[in-house]
Amino acid sequence: MTFHVHPLFWMIMLFALLTGQFVQVITLFMIVLIHEAGHVAAGLAYGWRVRKIELLPFGGVAEVDEWGNTRPVEEIVVALAGPLMNGVLITVGYFLQRSGLWAPEWAAFFMYGNVAIGGFNLLPIWPLDGGRILHTVCSLTFTYRTSIYVSIASGLIGSLFIFIWSIRQSSPQLNGVAVACYLFFSNIMSYRQMRFQFLRFLLARYQRIDKLKNLPVRKVRVNRQHTLFEITKKLKRGRYHSFLVNDRAYSAYQAISEQEILTYYFTKTPHCAVELLLR
């Protein structure tokens, strides 16, 4: 696991120093780090591989390999672990203020910062925590590929709402504009990299196909002219698939397992018609 700091972060630190708000800005970023530490701790507890923690100009992000390819309950727990840490910090701030160790003004700033960071991250906007939870829930309702589209669309729409809200204030919120732009372009990049995310999903299923056989079976009817790539778009999480292909020779449907589809997909070609697998 590595730790990275975005170059623009240092510019914000310099600006905070020049405006006399260095302590406040440092406090907010420490809150962000503790928030991300919650994600990392939960991920490591599940045996996830955390590649890096990056401190961005407007927050932080923990990059992991398992997202979208492990148990949905794990993903939801890891996503909620960050806001949970904010809840813990709010409780700490409250008791420190009540005990007289912190001034009311500083305690109010500290608790408000945690409410803002924790609450903001729960918005259903990819790649915020709420957006990740939305993606996980959608992947249990829709096909995995559709859930990617839904989460990205939600992220684009949400970032536009933040942008519009920021510029319509009596005093335009430049921070809000910057965050909205960052989220918008993050979703654009996610859309451009969607095929790689989907390929990782397929590869993860292929590598643990024996475990997937214990899941409830979902039967899906497909056309014999459909390519393997088109058929993989119909895969859902939490199910093992049996694809029913119309066999014209016998006027009936022949079942092809998900294991056969994925094996041919990765060892032969994903662009052949499924009829080639008919026996």
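What follows is a short chat about a predicted model of one protein chain.

Reader: What am I looking at, and how many helices and strands are there in the protein chain?
Author: This is a predicted model. The protein chain has 11 helices and six strands.

Reader: What does the C-alpha trace span along its principal axes?
Author: About 80 × 35 × 30 Å.

Reader: How much of the chain counts as buried?
Author: The chain has 279 residues, and 44% of them count as buried.

Reader: What share of the contacts comes from residues 24 or more positions apart?
Author: They make up 62%, counting contacts with a separation of 6 or more.

Reader: Switching to charges. How many salt bridges does the structure hold?
Author: Five. In general, side chains of opposite charge can pair when their charged atoms come close.

Reader: Show me one. Which residue does Glu258 meet in a salt bridge?
Author: Arg205. The N to O distance is 2.6 Å. Glu258 lies in helix 11 and Arg205 in helix 8, so the pair ties together parts that are 53 residues apart in sequence.

Reader: Where do those helices run?
Author: Helix 11 covers residues 258–267. Helix 8 covers residues 194–207.

Reader: Is Glu258 buried or exposed?
Author: Buried. Its relative accessibility is 1%, and buried means under 20%. Arg205 is buried too.

Reader: What else does Glu258 touch, leaving out residues up to four places away in sequence?
Author: Besides Arg205, Glu258 touches Ile209, Leu212, Leu235, Arg239, Tyr240, His241 and Phe243.

Reader: Next bridge. Which residue pairs with Arg224?
Author: Glu275. Their closest N and O atoms are 3.2 Å apart. The pair links distant parts of the chain, 51 residues apart. Arg224 sits in the loop between strand 4 (217–222) and helix 10 (228–232). Glu275 is in the segment after helix 11.

Reader: Which label does each get, buried or partly exposed?
Author: Arg224 is buried, with a relative accessible area of 14%. Glu275 counts as partly exposed, at 26%.

Reader: New topic. How many disulfides are there?
Author: The count comes to zero.

Reader: What about the cysteines themselves? Is Cys138 buried or exposed?
Author: Cys138 counts as buried, at 8% relative accessibility. Cys181 counts as partly exposed, at 32%.

Reader: Now the surface. Which residues form a nonpolar patch there?
Author: Phe22, Val23, Ile26 and Met30 form one. Together they have about 330 Å² of accessible area.

Reader: Where does Val23 lie?
Author: In helix 2, which covers residues 22–45.

Reader: One last residue. Is Trp165 buried or exposed?
Author: Exposed. Its relative accessible area is 52%, and exposed means over 50%. Trp165 is in helix 6, residues 144–167.

Reader: And how far apart are Trp165 and Val177 in space?
Author: They are 8.7 Å apart, C-alpha to C-alpha. In sequence, Trp165 and Val177 are 12 residues apart.

Terms used: Residues are numbered from 1 along each chain as its sequence is written. This is a predicted model: local features need pLDDT of at least 70, side-chain atom pairs count only at pLDDT 80 or more; totals for chains, interfaces and linings use all residues. Side-chain values use heavy atoms; hydrogens and water are left out. Patches are made of residues with over 30% relative accessible area and no salt bridge: like charges are joined within 9 Å, nonpolar side chains (Val, Leu, Ile, Met, Phe, Trp, Tyr) within 5 Å. Accessible areas come from the Shrake-Rupley method with a 1.4 Å probe; for residues, only the protein chains shown count as cover. A salt bridge is a side-chain nitrogen of Lys or Arg within 4 Å of a carboxyl oxygen of Asp or Glu. Helices (H or I, at least four residues) and strands (E, at least two) are DSSP runs, numbered from the N terminus. A disulfide is a pair of cysteine sulfur atoms within 2.5 Å. Buried means under 20% relative accessible area, exposed over 50%, partly exposed in between (1.4 Å probe, protein chains only). Contact means heavy atoms within 4.5 Å.
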